[in-house]
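Biologist: Please take me through the terms used for this model, and set each value against its cut-off.

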Amino acid sequence: AVVSTQSTGSLEDKKQGTALLLELKNGKVKDAVRSLGKAVITAADGLTKILTHLDKIFKEDSALMGYKTYCRFENFKRPQEMSLQCYVTEFERLLADLKKYEISLPETVLAYRFLNSASLAEEKVDLALATVKTMTYADMASTV
């Protein structure tokens, strides 16, 4: 959630927290601000305290979202009815999601994860391992 403070800039300090609260739509963010209580919201440094409080909540949410994104990547397996082309597209989408949370994996791990998640027959896995140029994601994806 992004909180804009542009419209509170011309108000005196002790009214900025209240102005922000009134601008927020009902929901998680507004409830989090309300939980601080009137004394904090109407204090001279209320806006700063509100933003600090929201950062704590949503940075924790960001860590949780990163974890869930990683789990989706780690647990992804190609269903038998999915074509390899669609599999590559989905794998790359999941990989891009990891990058949004600054999660990076070594190339060798990506190559093995790609091969393992492809749900290929054992003979095809053996063939891919025997013929891949280097153990990188790009080379493995072109080999499979």
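This is a predicted model: local features need pLDDT of at least 70, side-chain atom pairs count only at pLDDT 80 or more; totals for chains, interfaces and linings use all residues.

Modeller: Residues are numbered from 1 along each chain as its sequence is written, and side-chain values use heavy atoms, with hydrogens and water left out.

Biologist: Why is Gly66 called buried?

Modeller: Buried means under 20% relative accessible area, exposed over 50% and partly exposed in between, with a 1.4 Å probe and protein chains only. Gly66 has 7% relative accessibility, so it counts as buried.

Biologist: Where is Gly66 placed, and what does Gly66 touch?

Modeller: Gly66 is in helix α4, residues 46–75; helices here are DSSP runs (H or I, at least four residues; strands are E, at least two), numbered from the N terminus. Leaving aside residues up to four places away in sequence, Gly66 touches Tyr101 and Ile103, where contact means heavy atoms within 4.5 Å. Gly66 and Lys99 are 33 residues apart in sequence and 9.5 Å apart in space, C-alpha to C-alpha.

Biologist: What makes α1 oblique to α4?

Modeller: Helix α1 (residues 13–23) and α4 pack at about 45°, with their axes 6 Å apart. Axes are lines fitted to C-alpha atoms, for helices over the stretch in contact, and angles run from 0 to 180 degrees between N-to-C directions. Angles under 35 degrees count as roughly parallel, over 145 as roughly antiparallel, 65 to 115 as roughly perpendicular and the rest as oblique. The angle therefore makes α1 oblique to α4.

Biologist: Which residues of α1 and α4 meet?

Modeller: Gln16, Gly17 and Leu20 in α1 meet Leu47, Ile50 and Leu51 in α4.

Biologist: Why is α5 called oblique to α6?

Modeller: The axes of α5 and α6 come within 11 Å and cross at roughly 135°. That angle makes α5 oblique to α6. Tyr87, Val88, Phe91 and Leu95 of α5 make the contact with Leu110, Arg113, Phe114 and Ser117 of α6.

Biologist: Which residues touch the most other members of the largest nonpolar core?

Modeller: A nonpolar core is a set of buried Ala, Val, Leu, Ile, Met, Phe, Trp, Tyr and Cys residues joined through side-chain atoms within 4.5 Å. Of the 17 residues in the largest one, Phe73, Tyr87, Phe91, Leu95, Phe114, Tyr137 and Met140 touch the most other members. Two or more residues come from each of α5 (84–100), α6 (107–117) and α8 (137–143), and α5 gives the most, with five residues.
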